[in-house]
Amino acid sequence: MAKHDARNWHDCTKMIGLLCLVASILTEQAIGRQVEVEPVVESYPGQTVNLRCSFTDATGIQLTMVTWLYEPKEGERINIAVFHPKFEPNYPDSPVKGRVSFSPSPPNLDSPSIQISDVRMTDEGKYICEYATYPIGNEQGVTYLVMLAKPQNSASIVTVDAGTKPVVVARCESVDGRPAAQISWVTTANGNGTTVSKPGVDNTVTVTSEYRLVPTAADNGKDISCVVAHRTQTKPESFPMKLAVQYAPQVTIVGYDNNWYVGRTNVVLTCQATGNPVPLSVQWKTMSGEMPDTVQIRDNELKVLKVDEAVNTTFVCEVKNRIGTSRDQVTVFVREATGQQVEVEPVVLSYPGQTVNLRCSFNDATGIHLTQVMWTYESKDGERIYIAMFHPNFDPNYPDSPVKGRVSFSPSPPNLTSPSIQISDVRMTDKGKYICEYATFPAGIKQGVTSLVMLVTGQQVEVEPLVESYPGQTVNLHCAFTDATGIHLTQVVWIYEPKEGKRINIALFHPKFEPIYPNSPVKGRISFSPSPPNLASPSIQISDVRMTDEGKYICEFATYPIGNEQGVTSLVMLERALK
């Protein structure tokens with residue numbers, strides 16, 4: 001019997017949990033099924049445990065005496081309590097002597113249960129109630145005492161620098177528990193956890209788990225939770241945290257619209273920077289080394305009070321934090337003054353049936369006499385038609401045209417400083433160029449051109465159909481979803497389609513994740529603007545544009561329930577004329 005028990009115990013230690021223990025105990029119970037005990041009893045240190053034992057049916061059997069034995073996980077069986085009805089109970093030397101006693105006292109052979117007071121973690125093991133009987137011999141029942149210890153759980157974030165090798169970014173620990181705790185990680189970060197266990201004090205187990213990943217700037221601030229499950233807890237304990245990745249500043253200059261002309265006033269460049277720790281300094285400079293006299297700098301803003309030839313330079317924004325220094329640059333090409341004193345919106349988008357406002361103003365009339373203004377419509381075929389005229393000495397005039405009866409100056413009566421017009425109930429055939437032309441003295445004719453783009457009814461992605469740029473500039477590609485009522489916007493993808501070649505994904509944004517910029521000819525020069533982006537208006541900008549960047553740029557929304565919706569912008573690269 002002893003060899004059989006020892007073999008069962010040795011095999012059991014190789015298995016996980018109590019399944020094997022219970023199986024072993026049930027095997028032993030089958031051998032001595034007339035002795036009734038509880039297979040498993042659980043307890044915490046310091047408590048008093050009752051180990052029941054009774055002989056179920058002694059008919060025709062003489063119960064002689066009972067012995068309780070203790071069998072630790074490692075070691076030999078030890079007698080801990082002995083009772084013979086003709087003698088007093090005996091408690092031999094054992095780890096539980098002084099804490100074990102029969103219950104009730106005095107005991108009886110029918111139910112010789114025992115209790116152990118002030119139980120300790122080292123008391124865990126098998127407790128065997130063994131009867132000496134006649135004529136069937138010894139009969140026994142086995143109870144396994146499982147000692148529990150509630151662990152002390154904790155978690156912490158490890159602040160790291162962005163790098164190229166996996167490092168520990170979070171730790172989680174469950175100290176002095178029994179049995180061992182189970183630790184798991186919940187996060188969208190692209191890493192993995194490793195868990196190790198080691199013996200703790202007083203027969204307990206300490207479990208430590210570390211989460212490792214290759215840290216990037218995009219990981220900073222991501223949610224991560226350590227979840228500790230343990231037998232003594234009613235539910236798993238969760239520790240929500242945020243990853244802390246330090247990285248050099250990421251810098252973007254916004255505000256350049258490729259329309260800086262001589263005489264234009266109060267144009268602003270803004271240096272947007274993110275970093276961890278927060279950037280300490282922002283410094284503006286030029287590639288030439290000299291800052292134009294008309295420039296004012298305040299923190300991250302560079303303001304040009306009045307554009308002149310000196311602004312024809314490359315502005316650099318340099319941002320520093322403890323990790324490093326980063327920069328972005330914008331090359332400004334100052335346009336000639338001719339025709340650039342008339343301010344208009346280059347592109348206006350509209351749906352049929354709407355009222356559109358075509359703005360026009362003369363931004364600086366110093367030393368110039370404004371005589372009159374004329375609005376001209378130029379169709380796709382190149383034919384020009386006068387549609388509205390104003391001279392301050394006469395009433396406004398609206399010649400015969402496709403928009404007569406629907407066009408009017410706004411405000412009314414008009415003024416020469418800002419002779420904007422509006423066209424009501426616009427039609428698909430109204431698309432084309434609208435030219436605001438001033439007659440001035442002594443500068444002569446000055447004009448600005450607005451392209452009216454008509455969108456197909458139901459088209460919900462708003463983009464600029466055409467954007468022109470010179471090499472080295474920063475271009476802004478506008479995109480917006482005009483009406484998302486009843487529509488769920490899932491994500492947006494920007495796609496580049498060159499004149500010859502396949503489409504390439506260049507920028508992706510999902511509101512639950514960081515923006516992604518796949519490998520493409522514009523990687524490192526493209527970013528969402530503003531940053532962080534939003535699904536309602538996920539516009540992008542491309543810095544230091546090149547002649548090879550020319551092509552179609554497609555803003556494609558994934559939506560529910562209507563499916564994918566897209567808008568297409570054609571980027572046309574211009575060659576700067578030599579003087």
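Colleague: How far apart do the end C-alpha atoms of residues 46-129 lie, and what are the helix and strand percentages of the span?

Modeller: Happy to start there! Helices (H or I, at least four residues) and strands (E, at least two) are DSSP runs, numbered from the N terminus. Here the ends lie 23 Å apart, and the span is 0% helix and 38% strand. This is a predicted model, where local features need pLDDT of at least 70, side-chain atom pairs count only at pLDDT 80 or more, and totals for chains, interfaces and linings use all residues. Residues are numbered from 1 along each chain as its sequence is written, and side-chain values use heavy atoms, leaving out hydrogens and water.

Colleague: Which strands form the open sheet with antiparallel pairing, and in what order?

Modeller: Two strands pair if DSSP finds at least two bridges between them. In this case three strands run in the order 3-8-7. Strand 3 (49-51) and strand 7 (100-102) are the edge strands, each pairing on one side only. Strand 7 meets strand 8 (residues 114-116) over three antiparallel bridges, and Ser101 stands opposite Gln115 in strand 8.

Colleague: And what is the strand order in the open sheet of five strands?

Modeller: That order is 37-45-44-40-41, with mixed pairing. Strand 37 (466-469) and strand 41 (504-509) each have a single partner strand, so one side of each lacks a neighbour in the sheet. Strand 40 (residues 488-498) pairs with strand 41 in the antiparallel sense over five bridges. Across that pairing, Trp494 stands opposite Ala507 in strand 41.
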